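Q: I would like to go through the model shown here, with attention to its ring contacts, helix packing and backbone angles. Could we take these topics in turn?

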Amino acid sequence: MAHEISFGTDGWRAVIADGFTFDNVRRVTDAIAVAARTLQPPEGIDRNALVVGYDRRFLSREFAEAAAETLRAAGYRVILSTSPTPSQTISFTAHHRKLLGGVMITASHNPAKYNGIKFKAWYGGSALPEVYGAIAGALGKRELRDGGSLSDEDLLDDYVAALRAQVGSVRLRILHDPIHGVAAGLPARILGTDVATIRGEINPSFGGVNPEPIPENLGASIEAMKGGAFDLAICNDGDADRLGILDERGAFVSPQKAIALLALYLVREKKMRGDIVKTFSTTRLIEKVARALGAGFHETPIGFKYVADLMLTREILIGGEESGGIGFGHFLPERDGVLSGLLVAEAVAHYGKPLSRVIADMEAEFGALHYDRRDLHRPMERCQALIDRAHSGALDASFGPGFTSREEKDGVKLNFADGSWILFRKSGTEPMIRIYCESPDAGRVGEMLEIATRELDSLAVGR
């Protein structure tokens, strides 16, 4: 039976050797080649040139070669990276060289058995949903043309030089944990100083963890921080577009606090201007900071593509999401886990005190907010039933007194007078509900998530 190819918010992903095969990679790339002919880039963009990159996953280089050859046969001048690169390097190259776009072979932070394909556009960011719609509509089509060519080039030098221009002097003891991903070695190249690296070698199994920089996958770097030899750890996902940070004690600093900290630093200390953006599931601390700075503030549906859309039309200083994707509008409308990590390091160096103290000072000024999320795998009908109850008002009194309002920008969020909120959102790709919660009271976060889980499990399917 043929594997069904469907595109999510940032491309197509499937299990290697099941759905992600050389035949299907060629099929998707043929569709990209056809759909890309319909794009309408501004004047000055080379409509016949595309760049191809890949991560360190099993067979990624070989899949990239197959994609590049397919694009060449469709008449494109193709630049293939000579080495594994971050996803944002492909976005940067397309933008910097004024190419029509780029293809990236990666499954980002997903488990090792997956691989995937992302399409990046000339403006330096992910393809818009309508472009992925056009690619899906072109599946099964193939258009061969003369005039194509294929060359191998180093793409990292230009990207490293561009990041070097974004980051000031950083004299800190930095630990870098790329979780065997493509960020390995980049912080040292950009800073021009020694950076201690763990898990920097190529390992397509990612050492048995998912290459996502969240606490459950960072045991190695947390352990390495315990000796007190480092000021902070910068951790990245498999394709280096997400960030995780550990402070000098090895404690995880949530990306949400990192976004708020960077907004404060860039505006107050570096005197940079622009609006601040967060997604619907991200901490309200960022909004408090934006208001205090007098910066414009925007809240988008969940997904960095919505942040990037704003970066294409407005002057956005920084935008981020709770999963660790942070981007800077003056650089690219794209997540960059390397740049965001180095800017956190620059901020710590500037303030001249431990990261834990920098965070504590920020929370003393704006108030501490505690946050957690649960991903609960349950039948889709039961997940939908809980969301329906949140929408109808049936859960308003379930979390104690003080319900104030309901927001439905992306899922259903219930707000409470004490500053707490809880958000219910169904996964678009699997039978799962995500429940996000934030409160000034750490204990209340756990209580609210427990209540929500009990409510979910009390629902009979079809009720």
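The conversation below goes through these topics for the predicted model.

Q: How many aromatic pairs does the structure hold?
A: The structure holds 12 aromatic pairs. One of them joins Trp12 and Phe20, with 4.9 Å centre to centre and 20 degrees between the planes.

Q: Is the pair of Trp12 and Phe20 stacked or edge-to-face?
A: The pair is stacked. The angle of 20 degrees between the planes lies under 30 degrees, the cut-off for that class.

Q: And are those two residues buried or exposed?
A: Trp12 is buried, with a relative accessible area of 0%. Phe20 also counts as buried, at 0% relative accessibility.

Q: Which aromatic cluster contains Trp12?
A: Trp12 forms one aromatic cluster with Phe20, Phe22 and Phe63.

Q: What about Phe403 and Phe416, how are their rings arranged?
A: The ring centres of Phe403 and Phe416 are 6.0 Å apart and the planes stand at 75 degrees, so this pair is edge-to-face. The pair links distant parts of the chain, 13 residues apart: Phe403 belongs to strand β19 (residues 403-407) and Phe416 to strand β20 (residues 412-416).

Q: Which accessibility values go with Phe403 and Phe416?
A: Phe403 has a relative accessible area of 27% and is partly exposed. Phe416 is at 5% relative accessibility and counts as buried.

Q: Which charged end sits over the ring of Phe416?
A: That of Arg444, which lies 5.4 Å from the centre of the Phe416 ring. A further case is Lys413, whose charged end sits over the ring of Trp421 at 4.3 Å from its centre.

Q: Changing topic to helices. How many residues of α3 are buried?
A: In helix α3 (residues 87-96), 8 of the 10 residues are buried, so the helix is largely enclosed by the rest of the structure. The buried residues are Ser87, Gln88, Thr89, Ile90, Ser91, Phe92, Thr93 and Ala94.

Q: What happens just after α3?
A: Lys98 takes a positive phi of about 60 degrees there.

Q: At what angle do α13 and α14 pack?
A: Helix α13 (residues 380-392) and helix α14 (residues 442-458) pack at about 120 degrees, and their axes are 9 Å apart. This angle makes α13 oblique to α14.

Q: Is that crossing left-handed or right-handed, and which residues make the contact?
A: The crossing of α13 and α14 is right-handed. On the α13 side the contact is made by Arg382, Cys383, Leu386 and Arg389, and on the α14 side by Ala452, Glu455, Leu456 and Asp457.

Q: What can be said about Asp457 itself?
A: Asp457 is found in helix α14 and counts as partly exposed, at 39% relative accessibility. Leaving aside neighbours within four places in sequence, Asp457 is in contact with Arg378 and Arg382.

Q: What separates the C-alpha atoms of Asp457 and Ala196?
A: The C-alpha atoms of Asp457 and Ala196 are separated by 46 Å, and the two residues are 261 residues apart along the chain.

Q: Back to helix packing. How do α8 and α11 cross?
A: The axes of helix α8 (residues 255-269) and helix α11 (residues 337-351) come within 10 Å and cross at roughly 60 degrees. That makes α8 oblique to α11, and the crossing is left-handed.

Q: Which residues meet between α8 and α11?
A: From α8 they are Ala258, Leu261, Leu262, Leu264, Tyr265 and Glu269. Their counterparts in α11 are Ser340, Leu343, Val344, Glu346, Ala347, His350 and Tyr351.

Q: Where do Ile179 and Ala240 lie?
A: Ile179 lies in the loop between β8 (174-177) and α6 (186-191). Ala240 is found in the loop between β10 (232-236) and β11 (243-246).

Notes. Residues numbered from 1 in each chain as written. Predicted model: local features only at pLDDT ≥ 70, side-chain atom pairs only at ≥ 80, totals over all residues. Heavy atoms only, no water. Phe/Tyr/Trp six-rings, centres within 6.5 Å; stacked < 30°, edge-to-face > 60°. Buried < 20%, exposed > 50% of the residue type's maximum accessible area, 1.4 Å probe, protein only. Helix = DSSP H or I, 4+ residues; strand = E, 2+ residues; numbered from the N terminus. Lys NZ or Arg CZ within 6 Å of the ring centre and 35° of its normal. Axes fitted to C-alpha atoms, helices over the stretch in contact; angles between N-to-C directions. Parallel < 35°, antiparallel > 145°, perpendicular 65-115°, else oblique. Left-handed = near helix turned anticlockwise from the far one by under 90°. Contact = heavy atoms within 4.5 Å.
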